[in-house]
Amino acid sequence: MINVKLALSALLAEIASWSSLWLLHNHSDAALFSYLAVHALASVLLALCLSPFLVSEADARRQRLPLVALMALLSYAVPIVGFFGSVIATVALHRRSGVAAHKQFSSLPLPEFDPHQHASSSRRQVGLQSFLANQAVPVPLRMRSLAALSHVSGRIASPMLRMALSDSSDDLRLLAYSMLDAKERQLSQSIHQELQALEQARAAEGGEAGPRSLQAAWALSDLYWELIYQGSAQGDVRDHAIKQSLHYCDQVLAQRPDTVLLLLRKGRLLHLLADSDGAQSCYQRALGLGLPAARVIPYQAELLFEQRQFAKVKELMRRLENQQVLPRLRPCVQYWSAP
């Protein structure tokens with residue numbers, strides 16, 4: 001907002017500077033000195049008056065003082081033209097910066113055709129997440145999309161269901177909660193059944209770790225791992241699931257130490273428990289027993305990356321450069337294999 005008092009003072013001072021030449025005779029030294037002094041005052045007042053329009057961004061306010069000094073010098077050095085030119089230049093600059101500021105995108109309108117809003121029952125999983133998060137889509141359509149997640153693996157569905165728990169629609173939140181609860185109850189029921197099967201197997205085998213007991217223990221390790229993998233277990237429940245999966249994994253490995261899939265599982269569980277040495281040992285043993293490098297090296301590299309051993313990460317990932325890996329892993333291999 002312009003300071004009216006400063007504007008009037010600058011204008012009156014400029015008029016007074018030219019009046020002094022006429023009042024004190026045009027060719028006298030006193031008239032010249034008076035003109036220069038009052039004209040300098042008018043230039044400074046004008047620069048101060050226009051200073052709020054020069055810089056509006058908070059991070060560029062330190063530039064205001066040099067700009068004010070430059071404007072005052074221009075008004076002082078070029079009489080009349082400099083005075084009114086400064087006003088015109090400041091107004092033009094302010095209007096231009098205002099237009100540029102309005103061009104900053106606060107939101108983007110949807111395109112004429114949004115592939116995420118296609119009404120078919122089959123949608124790509126990538127588009128489904130953005131579709132569910134789009135508040136402009138009618139709630140019934142988003143509820144149909146959310147219900148379609150019941151046919152998607154828990155690893156993919158659980159994050160989207162948890163995202164829907166913070167939706168503005170009560171119906172959508174309730175549906176997401178019921179679906180998450182159903183997935184958790186299904187896993188919990190399976191765990192309960194396998195625990196009973198393990199007790200029965202131990203009773204039938206006389207308390208020894210026989211084939212049926214090992215099979216039940218393996219299944220329990222799988223189910224607890226599924227709780228972790230799907231993201232169904234959170235907080236303390238997740239910590240409990242990690243320890244239980246590791247417990248039953250160790251039971252099987254005690255009798256079958258060369259089971260590579262369980263060695264890989266144990267490595268990942270120890271990794272989650274921040275046991276870096278134990279996890280690396282399991283990964284290395286699984287590699288030694290013939291598990292494909294593409295199955296193990298990404299986890300080894302992740303472990304080394306957390307330890308900030310970037311040279312070793314690069315060395316490991318280069319081993320996958322000429323191997324068949326998952327498409328989503330290929331960009332990571334290319335990045336670390338670059339010279």
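Guide: On helix α15, Gln 334 and Tyr 335 are exposed, and they sit on the face turned away from the buried side of the helix. The model is a predicted one, and what follows should be read with that in mind. Helix α15 runs over residues 330-337, and its buried residues are Val 333, Trp 336 and Ser 337. These three lie on the same side of α15 because the arc they cover around the axis is only 95°. As for partners, the buried residues of α15 pack against α13 and against α14, the latter spanning residues 310-318.

Pro 298 is located in helix α13. Its relative accessibility is 19%, and because buried means under 20%, Pro 298 counts as buried. Apart from its neighbours within four places in sequence, Pro 298 has contacts with Ala 293, Leu 320 and Leu 329. Between the C-alpha atoms of Pro 298 and Val 325 the separation is 10.0 Å, with the two residues 27 apart along the chain.

Arg 308 is not a glycine, yet its phi is positive, at about 60°. With 62% relative accessibility, Arg 308 counts as exposed, since the threshold for that is over 50%. Another residue of this kind is Ala 274, again not a glycine, with a positive phi of about 65°. Ala 274 belongs to the loop that links α11 to α12, where α12 covers residues 276-288. Its relative accessible area is 64%, so Ala 274 is exposed.

Helix α13 also takes part in the largest pocket. Residues 293-306 make up α13, which supplies at least two residues of the pocket lining, as do α9 (211-229) and α11 (260-272). The largest contribution comes from α11, with seven residues. In total 29 residues line the pocket, and those nearest its centre are Arg 155, Tyr 229, Arg 268, Tyr 299 and Arg 328. By class, the lining holds 17 nonpolar, nine charged and three polar residues. The space in this pocket is about 1,100 Å³.

The average pLDDT is 78, and 81% of the residues score at least 70. Among the elements, α11 has the highest mean pLDDT, at 92, while helix α5 (residues 125-133) has the lowest, at 67. In residues 112-123 the pLDDT is below 50, and this stretch makes 15 contacts in the model beyond near neighbours in sequence.

For the chain as a whole, the secondary structure consists of 15 helices and zero strands. The chain has 339 residues, of which 34% count as buried. Among contacts with a separation of 6 or more, 51% are between residues 24 or more positions apart.

Key:
Residues are numbered from 1 along each chain as its sequence is written. This is a predicted model: local features need pLDDT of at least 70, side-chain atom pairs count only at pLDDT 80 or more; totals for chains, interfaces and linings use all residues. Side-chain values use heavy atoms; hydrogens and water are left out. On a 1 Å grid over the protein atoms alone, a cavity is a set of points where a 1.4 Å probe fits but cannot get out, and a pocket is an open set with protein on both sides within 12 Å along at least five of seven lines; lining residues have an atom within 4 Å of a point. Grid points are joined across faces, edges and corners, and a volume is the space filled by probe spheres set on the points. Helices (H or I, at least four residues) and strands (E, at least two) are DSSP runs, numbered from the N terminus. Ala, Val, Leu, Ile, Met, Phe, Trp, Tyr, Cys and Pro count as nonpolar, Asp, Glu, Lys and Arg as charged, and the others, Gly among them, as polar. Buried means under 20% relative accessible area, exposed over 50%, partly exposed in between (1.4 Å probe, protein chains only). The arc is that of the directions from the helix axis to the C-beta atoms. Contact means heavy atoms within 4.5 Å. pLDDT is the predictor's confidence in each residue, from 0 to 100.
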